[in-house]
Amino acid sequence: MIIVKNADKSEWPELFKRPALNVDEIYDRVREIIYHVREEGDQALFEYGRMFDSVNIQNLSVSENEIAQAGNLVSNELKEAIRIAAENIRKFHMAQLPNNIEVETTPGVVCWQKAVPVSSVGLYIPGGTAPLFSTVLMLAIPATIAGCDEIIICSPPNKEGNIDPAILYAADLVGVNTIFKLGGSQAIAAMAYGTQTVPKVNKIFGPGNAYVTTAKQIVSLGDVAIDMPAGPSEVLVIADDSSDPVFVAADLLSQAEHGADSQVILATTSEQLINNVQKEVEVQLAHLPRMKIACESLKNSRLVLMPSMSTIVEFTNWYAPEHLIIQTEEYVDIVDNIRNAGSVFLGPYSPESVGDYASGTNHTLPTSGYAKAYSGVNIDSFVKKITFQEISLEGLRRLGPVAQKLAEAESLEAHKNAITVRLNKK
């Protein structure tokens with residue numbers, strides 16, 4: 001990891017660049033894949049399965065029998081852990097259900113707002129080096145709570161043509177049984193446009209590699225909505241002299257093992273802590289099965305010394321991390337000043353790992369600085385809000401002249417006339 005000491009604010013943009021996602025290099029290839037799937041449907045999906053997943057699948061759909069058998073391949077201990085996590089995620093997201101509102105803005109003018117679920121959603125679940133069955137819970141549970149009529153899952157198969165059994169078990173647990181053996185940008189294209197087997201959806205959710213991310217961006221330009229812009233995972237840890245370097249190092253590595261393009265940052269006022277964390281990272285790294293991936297990620301990562309906690313808070317809001325862990329002694333004094341972060345973890349016993357799996361909050365979060373403008377996935381991600389209004393004749397007599405005057409000022413005579421003909425009717 002690179003140590004940065006008291007960098008001037010003018011240096012922040014260069015020193016703390018995220019690992020570059022070179023979209024230009026893969027954009028044309030992804031666009032070609034999307035076009036091929038759009039034109040050829042299932043046939044293109046079969047071809048890309050052989051090309052990218054080295055598997056010759058004859059049926060893209062996961063059968064009821066495969067879903068039923070998956071439960072037998074998952075240990076009872078893991079099943080119980082998944083069930084507990086699902087219950088906490090359900091509790092937290094149930095509390096987010098929006099209330100409909102109704103207001104009489106002027107006598108005789110009643111306006112109200114109603115939340116309506118997105119009718120069909122597609123959930124992309126990564127299934128490569130780390131099959132993310134937890135993402136099934138994070139996406140499917142709020143989708144079912146919101147009341148989406150159609151929920152489908154796409155996840156890449158292994159070399160035997162099967163989806164990880166824990167993914168299938170989690171999907172079955174939350175009531176989603178329309179699942180397809182599809183990965184990569186071809187899966188995104190299939191959900192965006194539909195094929196002979198895969199239905200077209202209105203909105204696509206889920207993380208993925210550079211090809212998946214680029215495909216989501218391309219199809220969102222006009223053909224389907226997506227959850228948010230997202231890229232490689234990241235964490236920023238704020239710590240001080242009171243922080244345990246073992247905890248800090250563990251939190252940094254838990255994110256570094258996500259992928260070689262992940263980024264982890266420690267921001268602290270303590271030079272001694274930086275030294276201790278650096279040593280502890282080396283100790284813990286040696287025992288990680290995904291050590292090679294974590295090592296690559298650490299090349300993009302920083303141990304940052306800053307002169308004051310206020311500077312660290314300013315830096316945090318500028319960086320806008322996906323995950324923010326605050327392990328300082330007085331973390332309560334800091335948290336109210338945080339404006340830009342995907343999800344925040346407070347105190348020494350709140351590792352990001354728990355939020356990733358089981359606390360109840362959602363782990364599908366904005367990355368690459370998008371936390372400045374985007375929220376993580378929540379119930380609102382799966383609903384749209386429609387406004388209604390009912391105006392009585394009395395209400396139109398009261399408010400109509402106001403609208404007429406505004407329309408006239410904008411030179412929109414037909415707008416004004418739509419009111420005038422009503423007011424003049426005997």
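Me: Hi! Which residue is the bridge partner of leucine 123 in β7?
Reply: Phenylalanine 205 is the β7 partner of leucine 123. Bear in mind that this is a predicted model.

Me: Noted. How many bridges join β4 to β7?
Reply: Three, between β4 (residues 120-124) and β7 (residues 203-205), and the two strands run parallel.

Me: Which helix packs on the sheet there?
Reply: That's α8, residues 184-193. Helix α8 touches β4, β5 (150-155) and β7, and the direction of α8 makes about 175° with that of β4.

Me: And what is the strand order in the sheet?
Reply: The order is β6-β5-β4-β7-β8, an open sheet of five strands with parallel pairing. β6 (179-181) and β8 (225-226) each have a single partner strand, so one side of each has no neighbour in the sheet.

Me: Switching to α3, which of its residues are buried?
Reply: In α3 (residues 42-52), they are Asp42, Ala44, Leu45, Phe46, Tyr48 and Gly49.

Me: What about the phi of serine 54, positive or negative?
Reply: Positive, near 55°; serine 54 follows α3.

Me: Now the whole chain. How many helices and strands are there?
Reply: The chain has 17 helices and 14 strands. Of its 426 residues, 47% count as buried, and the C-alpha trace spans about 85 × 60 × 45 Å along its principal axes.

Me: Last one: what is the accessible surface of the chain?
Reply: About 20,600 Å², and carbon and sulfur atoms account for 50% of that.

Key: Residues are numbered from 1 along each chain as its sequence is written. This is a predicted model: local features need pLDDT of at least 70, side-chain atom pairs count only at pLDDT 80 or more; totals for chains, interfaces and linings use all residues. Side-chain values use heavy atoms; hydrogens and water are left out. Buried means under 20% relative accessible area, exposed over 50%, partly exposed in between (1.4 Å probe, protein chains only). Helices (H or I, at least four residues) and strands (E, at least two) are DSSP runs, numbered from the N terminus. Accessible areas come from the Shrake-Rupley method with a 1.4 Å probe; for residues, only the protein chains shown count as cover. Two strands pair if DSSP finds at least two bridges between them. Contact means heavy atoms within 4.5 Å. Axes are lines fitted to C-alpha atoms, for helices over the stretch in contact, and angles run from 0 to 180 degrees between N-to-C directions.
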